[in-house]
Amino acid sequence: MTGPAGRFRALWDEIAPVGRDERSGGYLRYALTDPELRLREWFRAQADRRGMPVTDDGNGNLFAHWGDPEAGDALLTGSHFDSVPHGGAYDGPLGIVSAFLAVDELRAAGVAPGRPVVVGAFVEEEGARFGVPCLGSRLLTGEIAVERAAGLRDAGGVSFAEALGVRPAGARPELLGRFAAFVELHVEQGRAMVDAGAPVGVASAIWPHGRWRFEFTGEGNHAGTTRMADRRDPMLTYAFTVLAANKEARLRGAHATVGRVAVEPNATNAIPSKVTGWLDARAAEPETLTGLVDAVRAKAAERARRDGTEVALTEESATPLVAFDGDLAGRLAALLDAPVLPTGAGHDAGVLAAHLPTAMLFVRNPTGVSHSPAESATDADCAAGVTALARVLEELACR
């Protein structure tokens with residue numbers, strides 16, 4: 001394969017095997033674990049190959065600079081390497097690979113930036129290891145306290161600070177102030193562009209969303225000797241809450257997912273003493289999201305009273321509605337003749353949007369499936385994404 005698609009495939013194949021699970025076909029690239037660390041080394045090697053010095057913000061975020069690293073008014077692009085458990089190949093890494101290839105396209109055309117161009121790789125975007133999504137960008141912007149971030153622990157008890165090898169630096173306003181804008185390219189996580197027949201799109205907004213932890217407690221007991229009438233089973237309350245979340249989301253045109261659960265003692269022949277479930281909730285409007293979570297909380301509490309159990313709800317993360325810079329989105333949509341669409345997925349761009357003009361480009365996903373091995377994109381569409389990003393970088397940094 002030759003041409004833009006061939007160049008994309010050649011670079012993509014360098015990272016495609018890293019962290020891939022042979023059984024599921026998905027990826028296990030948790031932040032700061034061996035696969036993701038290998039990709040971070042790959043990032044440094046790619047930057048070195050292009051003569052782009054790499055800096056680290058002290059929070060685990062990497063930046064490769066085409067231009068003076070100390071200069072201001074820089075244009076930032078890039079994405080993340082980490083994945084959800086058994087996630088797809090494109091979510092995150094596509095934005096980093098495309099950024100390096102876009103730099104290559106501009107250089108091959110003899111285009112030099114009038115302002116620095118920076119390729120970024122953000123740490124723990126998915127929150128799959130330490131529980132808080134967009135952790136790296138939240139630290140950089142000061143949207144999470146250093147103490148809280150440093151103390152976050154993975155399933156094995158390793159803290160974020162231990163995995164990072166240093167206490168995170170936290171907010172870096174002097175670094176953030178060097179960026180004039182951020183453009184993140186990402187695989188689409190839906191079918192809007194398939195329906196529109198477009199290989200590349202521009203984001204308008206990110207739905208407000210968050211994660212809430214439900215802890216249901218009851219009385220652990222023997223499955224064979226405890227009468228049904230005598231049970232205080234938190235699994236029943238948990239199960240009812242999952243169904244209630246599904247119903248309330250459908251009634252509101254919102255999204256609710258319980259995709260993670262922990263059970264104690266987790267024995268087949270024991271009534272649980274505790275069940276913990278994590279709710280991911282999203283909606284187009286903030287008031288809809290608030291109403292959804294409040295309704296699920298009320299339903300869970302009412303069911304707990306009937307079951308003789310207790311329930312506690314803790315908000316682990318919340319991201320408000322993010323409307324991307326309208327002028328920038330309109331400018332890029334006109335430049336690329338691309339459709340404009342919202343998304344229900346969170347991104348580092350959503351965090352950075354509160355601090356600098358931000359835009360997102362989407363590359364078509366023919367399956368419409370994401371966070372799954374079925375996530376995909378054709379080499380031709382990925383090459384179109386690279387060309388679109390190169391045009392955006394030229395428009396914003398080279399004119």
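Start your tour by selecting G142, which sits in the loop between α4 (135–141) and α5 (146–151). Helices here are DSSP runs of H or I with at least four residues, strands are runs of E with at least two, and both are numbered from the N terminus. G142 counts as partly exposed because its relative accessibility is 41%. The scale works like this: buried means under 20% relative accessible area, exposed means over 50%, and partly exposed is in between, with a 1.4 Å probe and protein chains only.

Before you move on, a word about what is on your screen. This is a predicted model, in which local features need pLDDT of at least 70 and side-chain atom pairs count only at pLDDT 80 or more, while totals for chains, interfaces and linings use all residues. Residues are numbered from 1 along each chain as its sequence is written, and side-chain values use heavy atoms, leaving out hydrogens and water.

**Stop 1**

Select residues 3–15, which form helix α1. Which residues of α1 are buried? They are A5, G6, F8, L11, W12 and I15. Their cover includes α2 (34–49), α3 (93–108) and α13.

Show α3 beside α1. Two packed helices are described by the angle between their axes and the distance between the axes. For α1 and α3, the axes come within 10 Å and cross at roughly 130°. These axes are lines fitted to C-alpha atoms, for helices over the stretch in contact, and the angles run from 0 to 180 degrees between N-to-C directions. The two helices, α1 and α3, are therefore oblique to each other. In this scheme, angles under 35 degrees are roughly parallel, over 145 roughly antiparallel, 65 to 115 roughly perpendicular, and the rest oblique. The crossing of α1 and α3 is right-handed; a crossing is right-handed if the near helix is turned clockwise from the far one by less than a right angle, and left-handed if anticlockwise.

To see the contact itself, pick R7, F8, L11, W12 and I15 in α1 together with P93, L94, V97 and L101 in α3. Contact means heavy atoms within 4.5 Å. By class, this contact of α1 with α3 has eight nonpolar residues, no polar ones and one charged. Ala, Val, Leu, Ile, Met, Phe, Trp, Tyr, Cys and Pro count as nonpolar, Asp, Glu, Lys and Arg as charged, and the others, Gly among them, as polar.

**Stop 2: helices α9 and α10**

Next, select residues 234–252 for α9 and 286–307 for α10; their axes come within 9 Å and cross at roughly 150°. That makes α9 and α10 roughly antiparallel to each other, and their crossing is right-handed. Residues of α9 in this contact include L236, F240, A244 and R252, and those of α10 include L292, V296, K299 and D307. The contact of α9 with α10 has ten nonpolar, four polar and five charged residues.

While you are in α9, click on V242. V242 is partly exposed, at 26% relative accessibility. V242 and A256 are 14 residues apart in sequence and 8.9 Å apart in space, C-alpha to C-alpha.

**Stop 3: along helix α13**

Go to residues 379–397, helix α13, and select D381. Is D381 buried or exposed? D381 counts as buried, at 8% relative accessibility. Its side chain makes a polar contact of 2.8 Å with the side chain of R364. A polar contact is a pair of N or O atoms within 3.5 Å; within protein, one must be able to donate a hydrogen and the other to accept it, and residues adjacent in sequence count only if both atoms are side-chain atoms.

Also in α13 is A397, which is buried with a relative accessible area of 2%. Not counting residues up to four places away in sequence, A397 touches L75, P113, G114, R115 and V117.

Now find S370, in the loop between β15 (358–363) and α13.

**Stop 4: backbone details**

Finish with the backbone. A cis peptide bond joins E264 and P265, with omega about 5°. P265 is in the loop between β9 (255–264) and β10 (270–271). N266 is found in the loop between β9 and β10, and N266 has a positive phi of about 65° although it is not a glycine.
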